[in-house]
Amino acid sequence: MTFRQALALPKNNMVLAGILLMLLGDFMFALNDAMGKWLVESFSVGQVLFIRSIGAFIILGPMIVRQGLGPLTDVERPGLQVLRVVLATADTAFFYAAVAYLPLADVMTFYMAGPIYIAALSHFFLGEKVGWRRWLAIVIGFCGVVIALRPSTASLSWPSLFAVVGSMSFAISLILSRKLRATNDTTLVTWQTVGALIMGGIFAASDWQPANAIDWSAMLLLGVVACAAHLLITRALKLAPASLLAPLQYTLLIWAVVMGIAFFGDYPDAQILIGSAIIVIAGLFIFHRQKVVDKAEPETVPTSVH
């Protein structure tokens, strides 16, 4: 039996494996978020971003050696690659800047609006047709964001705006990833990590704080956890249909609430819960309508892992 045959699984088992990997990847991302919040309470965002990026190369290094340097330099559409790196780095930096001041659940609520932003922006950037039902869900989802944002002169804060800008950067970077789908995952993640390393180094230079061995280890581990989470979700998407896995990302909000309460004593208030509920319902409806529209071209599930 060959290695490929040994990894071959029945279709139903492949889908189940994809679901389990997606759930594990979402948990790892939530753990990354909680660790990042804990670290930015003592260290600058730049310093955490810099050391975190070094830690990511513990996983990325062997993958780069395996594929060689060629795919890193011979990339499609270099301009879009650079723009994606900038936006992905901004996404991470703004996220950590927001969680330094806000509860995890609050920040995650804004990030859960990502599918709503993507549905709206894909109409303009990817030329995808968006029907009236999805446009209605997009508008309702934005209402949820406004409720969670608390847009009044007394309550609107910079950390909230950081979270909104970060979530929009995240959404646009995902759209660019779809346009750059011919680029392999290792190359995309490597340049994204290099971008974070450079930006983190620039901002950390003026605000570098001494740290002990536990702090250094935690920052390095943060990079390992984030990179592992990304790879788990990437593998999950190769095992099961995206339309089945996408709604599972809302488990991030559940983990954010649980970890926020357990580690930081942060309880989400009624306005955040109402806003997040509207965002989740709108997002799930968008996923449903996308699945209905795509029925003419049913998704396939691979029968083996490469």
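**Overall fold**

A: Read along the sequence, the chain runs α-α-α-α-α-α-α-α-α-α-α-α-α-α. This is a predicted model.

Q: How many helices and how many strands does the secondary structure of the chain contain?

A: The secondary structure comes to 14 helices and zero strands. Of the contacts between residues at least 6 apart in sequence, 90% join residues at least 24 apart.

Q: Which residues make a nonpolar surface patch?

A: The general idea concerns helix geometry. An α-helix has 3.6 residues a turn, so residues three or four places apart point the same way. In this structure, Leu16, Leu20 and Leu23 make a nonpolar surface patch of about 260 Å². Leu20 is found in helix H2, which covers residues 11-40. Because its relative accessibility is 51%, Leu20 counts as exposed.

Q: Is Asn32 buried or exposed, and which residues is Asn32 in contact with?

A: The cut-off for a buried residue, under 20% relative accessible area, applies again. Asn32 also lies in helix H2, but Asn32 has a relative accessibility of 4% and therefore counts as buried. Neighbours within four places in sequence aside, Asn32 is in contact with Arg52, Tyr96, Leu222, Val225 and Ala226.

Q: How is the span of helix H11 to be read?

A: The span from the first C-alpha to the last is compared with the one expected at 1.5 Å a residue. Helix H11, residues 213-239, has 27 residues and reaches 39 Å, close to the expected 39 Å.

Q: What does a side-chain oxygen of Asn212 reach at the start of H11?

A: That oxygen comes to within 3.1 Å of the backbone nitrogen of Ile214. The cut-off for a polar contact between N or O atoms is 3.5 Å.

Q: Where is Arg77 found, and what is its phi?

A: Arg77 is found in the loop between helix H4 (70-73) and helix H5 (78-99). Arg77 has a positive phi of about 45°, although it is not a glycine. Since its relative accessibility is 44%, Arg77 counts as partly exposed.

Conventions
Residues numbered from 1 in each chain as written. Predicted model: local features only at pLDDT ≥ 70, side-chain atom pairs only at ≥ 80, totals over all residues. Heavy atoms only, no water. Patch = residues over 30% accessible without salt bridge, like charges linked within 9 Å, V, L, I, M, F, W, Y side chains within 5 Å. Areas by Shrake-Rupley, 256 points an atom, 1.4 Å probe, with all protein chains shown as cover. Salt bridge = Lys/Arg side-chain N within 4 Å of Asp/Glu carboxyl O. Helix = DSSP H or I, 4+ residues; strand = E, 2+ residues; numbered from the N terminus. Buried < 20%, exposed > 50% of the residue type's maximum accessible area, 1.4 Å probe, protein only. Expected span 1.5 Å × (residues − 1). Polar contact = N/O pair within 3.5 Å; in protein donor to acceptor, adjacent residues only side chain to side chain. Contact = heavy atoms within 4.5 Å.
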